[in-house]
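Work through the exercises below with the sequence and the model in view. Each task is followed by its solution.

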Amino acid sequence: MIRKSLISWPLVFLACLFASCEGESSFTHNGKEEADSLSLNNSYVNKWIYNGMSLAYYWSDKIIEPEDYTQSPTSFFNDLLYRYHPTTAPDGDRFSFIRSDYANLLNTFSGLRSREIGFDYQLYLRSENDKAIVGQVTYVKPNTPAVDAGVQRGWWFDQVGGIALNTDNYTDLLKNLPAEITLRFLNRAPQQTPENFEAYLGAMHVDTLTFAVLEKYAENPNYLDTVYQIGNKKIAYFLYNFFAFGPEDKSDRFLLETNEIFGRFKALDVDELVLDLRYNSGGYVMMSTYLSSMILPALSRDKVFCYFRYNDYLQAFYNKQYGEDYFLMHFKENFFPAGSSLAVLLNNLNLERLIVLTGEYTASASEQLINGLKAYMPVILIGKTTYGKNVSSLSIYEQNNPKNRWGMQPIVAKVFNSLGESNYTTGFEPDIELTELSVYDQSALGDTSELLLNAAISLILNRSIATRRSARKEIQTLVFIPDETKIKGSLLPAEPDLNER
């Protein structure tokens, strides 16, 4: 489908042009020949990188052409970036990246992982003056060996394969996963809270579990949905973890499931929606548009969800090629599933307001949903300040070219809502700030006693809002370690959505 295309036609043209300009490079294992071949291949890839970035990069006017085209593509790409700096480049780039295999790059945005540990987690320093790190499980992914092993939300872990996690080794230990992994978990919090975090962890029960790491795991973003009847209120709760259409290209399974969930909400005539995006770090902008369309009051395809601003060249090109409406992304009333010519109506709840649960990894397409809907309805945020990403990217790659498996994800546009607002580079601050993950054991997601959900329900029912699970004293504020590799970002549709009639 055209809306799923990731490369606009000028980029395709460039890819074909580059492919025809270079001869085939051969690789041997004979010293200088091998080195020369590697340099030739790097040169080929780096020329492709430079031309693609010069065309599409949002800060293309800041690019300085490197002198060395034989360096590694990663180094070459990074040298082109107009990097963020708080004083010298406060408007700079924090998000563009490149990968050595474009297939893995694309799989990331569809929820496909080549190595899956089986649960999501957040990392913290054990103490401010120590390199030791502990992780806490945020949610366990269904149909994984971690579920069978009994891993639960709220558990802590501090060792991988018998090696204690610290600031020097945690990236390697948690990203380069073996076929089977052994983790030391700390669980069953003590009844009486010790005075410090070290003592708290020391008083917990220790479980060392070994389980398989899955290959090519397809995570479903539609994690949890339910409706609570509390008094005279019907409250819908939807935990949605990333914006994707389906587990593979040309699949709309996830979108169809999301629409069915909202169909159930609509049939029950819910009064309020609590949308849980605390772990949602982005995905496809078009999917964010569809989800927003299921929420918007007085849905109309004439209403603008958001619009984009590109570099001067692309702005002029798209305006000439497609007209000014190309920059506008409207709300949708229906969609056409892959391989079908029959439209499916979106189940719109026509809500008066929206409550969103947020966290440090609420980013990009999630923030665009918040920003887009804020122009039309009250949006109340509960949790932590969001990540702060008001720009969008494009996946650029040469498909089926044996000389170039690389894929780059440069920032190509800044995104605004219908009111021209894009002022969330430091994130959206919550209306009600609550720290979801703390030293306390966690209630299950969807449990009405869970801290953030309980706050949302209390707000709806006009009750006082609890700031923690119990009256136990908070030990300390933990130092959170952000992981930028978790940020999916927001992927642009590269061409107008011609399938929407």
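The protein has an average pLDDT (the predictor's confidence in each residue, from 0 to 100) of 86, and 87% of the residues score at least 70. Over residues 1–35 the pLDDT is below 50. This is a predicted model, in which local features need pLDDT of at least 70 and side-chain atom pairs count only at pLDDT 80 or more, while totals for chains, interfaces and linings use all residues. Residues are numbered from 1 along each chain as its sequence is written, and side-chain values use heavy atoms, without hydrogens and water.

**Exercise 1.** Describe how helix 8 and helix 9 pack.

Step 1. Axes are lines fitted to C-alpha atoms, for helices over the stretch in contact, and angles run from 0 to 180 degrees between N-to-C directions.

Step 2. Helix 8 and helix 9 are therefore roughly parallel (angles under 35 degrees count as such).

Step 3. Leu255, Thr258 and Phe262 of helix 8 make the contact (heavy atoms within 4.5 Å) with Met287, Tyr290 and Leu291 of helix 9.

**Exercise 2.** Which strands stand at the edges of the open sheet?

Step 1. The sheet has 3 strands in the order 1-22-21, with antiparallel pairing. Two strands pair if DSSP finds at least two bridges between them.

Step 2. Strand 1 (97–99) and strand 21 (396–397) are at the edges; each has a single partner strand, so one side of each lacks a neighbour in the sheet.

Step 3. Strand 21 is joined to strand 22 (residues 407–409) by 2 bridges, and Ile396 has Met408 as its bridge partner.

Note on methods: Helices (H or I, at least four residues) and strands (E, at least two) are DSSP runs, numbered from the N terminus. Angles under 35 degrees count as roughly parallel, over 145 as roughly antiparallel, 65 to 115 as roughly perpendicular and the rest as oblique.
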